[in-house]
Amino acid sequence: MSDLFEKNTLVVNQKFTVIANQYQVLDESGAEIGFVQENMSTAKKALSFIVSKKVMPFELNILDNEKKVLATISRGVTLLLSKTSIKNANGEEIAKINQKFTMLKPKFEIVDTQGQLIATIQGDWKAWDFHITTPEGTEIGTVSKQWNGALKEIFTDSDKYVVNINGSLEDRNKRIAIISTAIVVDMILKENN
């Protein structure tokens, strides 16, 4: 079995669900190589009907096809700008994705456990295309939302993202953070009430 974090191109496809968020992770040929599952307590499920999802805390596990946890993405309650934690399979924090204040184009920063900038995530004005660059300006990845067709776009909040990682990037923690970016963008910018 290949490790999904070694892939340079992935599709993260949100599955339509009423409460908990779920995503399929597909390789470039369309084969499912993992999935993402939101962990929700009964209390959070009840609150999700009356409190905006944009402020609610979340925790999602990135899993392989054998349901082994490969990484965890989590955030506490937030009112303005999100700070999302990324942990490896051992539960050790490896990075944070911090939302930055901007007027038109969404922007995030990936920082390490000491708060040092690893990469900047800059979106376009419609928050569909994101470029991930090092502090030196080298592009190490992209995340692009794909059009699902008019009916699906109108009647569901299911989104599909293509994640591309620069093939020369070998740092596993940075790869985990780039793949997590698709989930963070969806959870923070695309979730409806």
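Two strands pair if DSSP finds at least two bridges between them, and strands (E, at least two residues) are DSSP runs, numbered from the N terminus. With that in hand, welcome to this predicted model, where local features need pLDDT of at least 70, side-chain atom pairs count only at pLDDT 80 or more, and totals for chains, interfaces and linings use all residues. Residues are numbered from 1 along each chain as its sequence is written, and side-chain values use heavy atoms, with hydrogens and water left out.

Here are the strand pairings.

| Strands | Sense | Bridges | Facing residues |
|---|---|---|---|
| β5 (69-75) and β6 (83-88) | antiparallel | four | Ser74 and Ser85 |
| β6 and β7 | antiparallel | five | Lys87 and Glu93 |

The hairpin of β6 and β7 has four residues between the strands, and Gly91 in this hairpin takes a positive phi near 85 degrees.

Is Leu104 buried or exposed? Leu104 is exposed, at a relative accessible area of 70% (buried means under 20%, exposed over 50%, partly exposed in between; 1.4 Å probe, protein chains only).

Elsewhere, the charged end of Lys145 sits over the ring of Trp128, 4.4 Å from the ring centre (NZ of Lys or CZ of Arg within 6 Å of the centre and within 35 degrees of the ring normal).
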